[in-house]
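Here is a short report on one protein chain. Look at the sequence and the model first, then read on.

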Amino acid sequence: MEYLPDANARYKDVDYWNERYRTEESFEWFGDFTKFDHLLKQHVRTEENILMLGCGNSALSYDMYRAGYTSITNVDYSSVCVESMAERHKDCAQLSWLCMDARRLAFPDGVFDVVLEKGTLDAMLVEESDPWKVSENAARLLHQVLLEKETHAGLKKLRVSRVLKPGGRFISVTFAQPHFRKRLYARADYDWSIKHYHYGSSFHYFLYVLTKGEELSSEDAALERRLLEEAEAPPTDVRFQEADSEDFLNNIGL
């Protein structure tokens, strides 16, 4: 627990990560590559061009390189992290390291087959207290990564989807269960389908595969419609039971 911050908000602070990476050699969020490599193999070919979003000091890229993946570009907004990882893996020509913010990807359109993130979006949402409804600030931050960038022609492109080739996949590894995370991913304007898997034994983690150019399933499209209806509905008048007027909990059959 040496690197545990004094407040969750610090997980969104680049200064915290720079300080941490100066002394921490490696840390794996949600298990190492061996825990979910069987899932990646179903959706990522070894010769494909991969972008690792918010790579941190994880060994994931190196483990994938050892497993035969031949082209992985790693980005992180911590300059300390990028410099350290580039030096550590300087003999691995298939791995490149760039200091870059996930909210401002400086790549041409359609250059990657796969964009992979492992815990990066979770760090952005770390201050959220209600998993059923993210705050406006968190939604805005997430959209900076996933949503739109206006082109000179007035068209809008998703930042992550923009750098993906047609049929490319955005792969998200997280602890967030589908009934929470799919509320954020199930949007027709993202122009992707959603599949999800879980791994782990005593505690489950989740891997989402979002494929560019495929439509949402009927179930996910229905989820989006319901969420839009909820957002447009007027607030309800919630009345609370007086705590000392009746021992009403005893009347509830559990």
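Contact here means heavy atoms within 4.5 Å. The model is predicted.

## Overall make-up

The protein chain holds nine helices and nine strands. It has 254 residues, and buried residues make up 43% of them. The exposed surface comes to about 14,500 Å². Carbon and sulfur atoms supply 51% of that area.

Contacts reach across the sequence. Take those in the protein chain with a separation of 6 or more: residues 24 or more positions apart account for 64% of them. One pair shows such a separation in sequence. Ala-9 and Leu-125 are 116 residues apart in sequence, yet their C-alpha atoms are 9.3 Å apart in space. Ala-9 sits in the segment before α1 (14-21). Its relative accessibility is 34%, so Ala-9 counts as partly exposed.

## The sheet

Seven strands form an open sheet with mixed pairing. Their order is β3-β2-β1-β4-β7-β9-β8. The edges are β3 (95-99) and β8 (192-199). Each has a single partner strand, so one side of each lacks a neighbour in the sheet. On average, neighbouring strands of this sheet are turned by 20° against each other, direction ignored.

Both kinds of pairing can be followed in detail. Strands of a sheet pair through backbone hydrogen bonds, either parallel or antiparallel. β1 (residues 50-53) and β2 run parallel, joined by four bridges. Leu-53 has Val-75 in β2 as its bridge partner. β7 (residues 164-174) and β9 (residues 205-212) run antiparallel, joined by six bridges. Here Arg-169 stands opposite Thr-211 in β9.

How many of the five residues of β2 are buried? Five of the five are, so β2 is largely enclosed by the rest of the structure. In a regular strand the side chains alternate between the two faces of the sheet. Both faces of β2 are covered. Ile-72, Asn-74 and Asp-76 are buried on one side, and Thr-73 and Val-75 on the other.

Helix α4 (residues 79-88) lies across β2 (72-76) and β3. It runs at about 160° to β3. Val-80, Cys-81, Val-82 and Met-85 are buried in α4. The cover over the buried residues of α4 includes α1, β2 and β3.

## Nonpolar cores

The largest nonpolar core has 33 residues. Leu-51, Leu-53, Leu-146, Phe-170 and Tyr-185 have the most contacts inside it. Helix α6 (residues 136-146) gives the largest share of this core, four residues.

Ser-161 lies in helix α7 (residues 159-163). Its relative accessible area is 6%, so Ser-161 is buried. Beyond residues up to four places away in sequence, Ser-161 touches Tyr-190 and Lys-212.

Helix α8 (residues 178-185) is mostly covered, with six of its eight residues buried. The buried residues in α8 are Pro-178, Arg-181, Lys-182, Arg-183, Leu-184 and Tyr-185. Tyr-185 is also among the residues with the most contacts inside the largest nonpolar core.

## Cysteines without a bond

How many disulfides does the model have? The count comes to zero. The rule asks for a pair of cysteine sulfur atoms within 2.5 Å.

Cys-99 has 48% relative accessibility and counts as partly exposed.

Note on methods: Residues numbered from 1 in each chain as written. Predicted model: local features only at pLDDT ≥ 70, side-chain atom pairs only at ≥ 80, totals over all residues. Heavy atoms only, no water. Buried < 20%, exposed > 50% of the residue type's maximum accessible area, 1.4 Å probe, protein only. Pairing = 2+ DSSP bridges. Helix = DSSP H or I, 4+ residues; strand = E, 2+ residues; numbered from the N terminus. Axes fitted to C-alpha atoms, helices over the stretch in contact; angles between N-to-C directions. Areas by Shrake-Rupley, 256 points an atom, 1.4 Å probe, with all protein chains shown as cover. Core = buried A, V, L, I, M, F, W, Y, C linked by side-chain atoms within 4.5 Å.
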